[in-house]
Amino acid sequence: MEQKIKSISCDIAMQEEKGSDDSHMQKVKNLKRTSDLHHKLRQAIDYLDVKKVKAVLEDCDTNLAMILNRPIHSQSKTTLLLYPLQVGLNKRYIGDGKRLKQEDLRNIKEITKLLWDKASPDIRNFWFKFHQDQQEESTKDTKATFEAHLKNASPDIRDLWLKYQRVPENQDAAVIKLLKGEQQQHAKIDSEKWLEDFIQEVKDYTEQKSIEENLRPDANQGIKI
């Protein structure tokens with residue numbers, strides 16, 4: 001009887017070990033698939049290939065959040081949402097140095113919209129927070145530099161600088177600010193409203209999100225009537 005119990009225990013241990021190995025292998029496969037899909041998506045965006053972007057997004061399934069939130073590279077200061085705009089920026093400084101064409105702009109806009117539509121609220125919130133953090137870091141560095149110059153400035157120059165000091169922008173609008181910058185850069189090229197309707201969609205989303213957050217029961221805790 002004792003021998004039978006030992007045999008059963010051994011079988012259970014072996015099954016658990018095999019299950020652990022299978023689980024590990026599945027995780028490795030998922031990570032490789034995520035990495036491969038992210039690379040394919042980046043490559044499709046690099047070529048501003050709308051059809052390939054659509055195909056990769058349709059193939060993302062349960063890995064979508066990991067793929068869309070994955071950094072472009074280790075030192076990246078942008079999200080996948082705004083990566084098509086960065087590709088457009090790079091295209092302006094290579095080759096003959098000419099400005100982007102209407103076709104390029106349409107593809108950038110369509111790809112950006114595809115990424116936005118595919119993203120869940122959690123993914124969108126990650127993008128907003130990422131760019132908000134980037135803007136806050138940039139603002140912090142700029143402020144430190146300004147204050148350092150201010151200390152060495154003469155009183156009249158110091159007063160002039162302080163007089164025209166810009167009021168800090170709403171940090172929640174970091175993504176919209178970046179989109180607006182690109183929209184203004186290329187407004188004269190595209191006959192269609194270049195990015196205007198997409199910017200409005202993002203604005204509407206953030207405003208609705210803010211309203212919903214303010215209506216949540218936990219948002220009103222501590223308020224006494």
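This is a predicted model: local features need pLDDT of at least 70, side-chain atom pairs count only at pLDDT 80 or more; totals for chains, interfaces and linings use all residues.
Visitor: Among contacts between residues at least 6 apart in sequence, what share joins residues at least 24 apart, and what share of the chain is buried?
Guide: The protein chain has 225 residues, of which buried residues make up 28%. Among the contacts that join residues at least 6 apart in sequence, those between residues at least 24 apart account for 70%.

Visitor: Is Leu-115 buried or exposed?
Guide: Leu-115 lies in helix H5, residues 102–118, and, with neighbours within four places in sequence left aside, is in contact with Leu-41, Ile-45, Leu-57, Leu-68, Leu-80, Leu-81, Pro-84 and Trp-127. Because its relative accessibility is 0%, Leu-115 counts as buried.

Visitor: How are H4 and H5 oriented to each other?
Guide: The axes of H4 and H5 are 9 Å apart and meet at an angle of about 160°, and the crossing of the two helices is right-handed. Since angles over 145 degrees fall in that class, H4 is roughly antiparallel to H5.

Visitor: How many charged residues are there in the contact of H4 with H5?
Guide: On the H4 side the contact involves Pro-84, Leu-85, Gly-88 and Lys-91, which meet Asp-104, Ile-108, Ile-111, Thr-112 and Leu-115 in H5. Sorted by class, the contact has 5 nonpolar and 2 polar residues, and the number of charged residues is 2.

Visitor: Is Asp-104 buried or exposed?
Guide: Asp-104 is found in helix H5, where, apart from neighbours within four places in sequence, Asp-104 is in contact with Leu-48 and Lys-91. Its relative accessibility is 15%, and because the cut-off for burial is under 20%, Asp-104 counts as buried.

Visitor: How are H8 and H9 oriented to each other?
Guide: Helix H8 spans residues 174–185 and helix H9 residues 196–215, and their axes come within 10 Å and cross at roughly 170°. With that angle, H8 and H9 are therefore roughly antiparallel.

Visitor: How many nonpolar residues does the contact of H8 with H9 have?
Guide: From H8 the contact draws on Ile-176, Leu-179, Lys-180 and Gln-183, and from H9 on Glu-196, Phe-198, Ile-199, Val-202, Lys-203 and Thr-206. By class there are 2 polar and 3 charged residues in this contact, and the number of nonpolar residues is 5.

Visitor: Which residues does Leu-179 touch, not counting those up to four places away in sequence?
Guide: Leu-179 belongs to the H8 side of the contact with H9, and is also among the members of the largest nonpolar core that touch the most others. Not counting residues up to four places away in sequence, the residues touched by Leu-179 are Leu-82, Leu-85, Leu-195, Phe-198, Ile-199 and Val-202.

Note on methods. Residues are numbered from 1 along each chain as its sequence is written. Side-chain values use heavy atoms; hydrogens and water are left out. Axes are lines fitted to C-alpha atoms, for helices over the stretch in contact, and angles run from 0 to 180 degrees between N-to-C directions. Helices (H or I, at least four residues) and strands (E, at least two) are DSSP runs, numbered from the N terminus. Angles under 35 degrees count as roughly parallel, over 145 as roughly antiparallel, 65 to 115 as roughly perpendicular and the rest as oblique. Contact means heavy atoms within 4.5 Å. Ala, Val, Leu, Ile, Met, Phe, Trp, Tyr, Cys and Pro count as nonpolar, Asp, Glu, Lys and Arg as charged, and the others, Gly among them, as polar. Buried means under 20% relative accessible area, exposed over 50%, partly exposed in between (1.4 Å probe, protein chains only). A nonpolar core is a set of buried Ala, Val, Leu, Ile, Met, Phe, Trp, Tyr and Cys residues joined through side-chain atoms within 4.5 Å. A crossing is left-handed if the near helix is turned anticlockwise from the far one by less than a right angle, and right-handed if clockwise.
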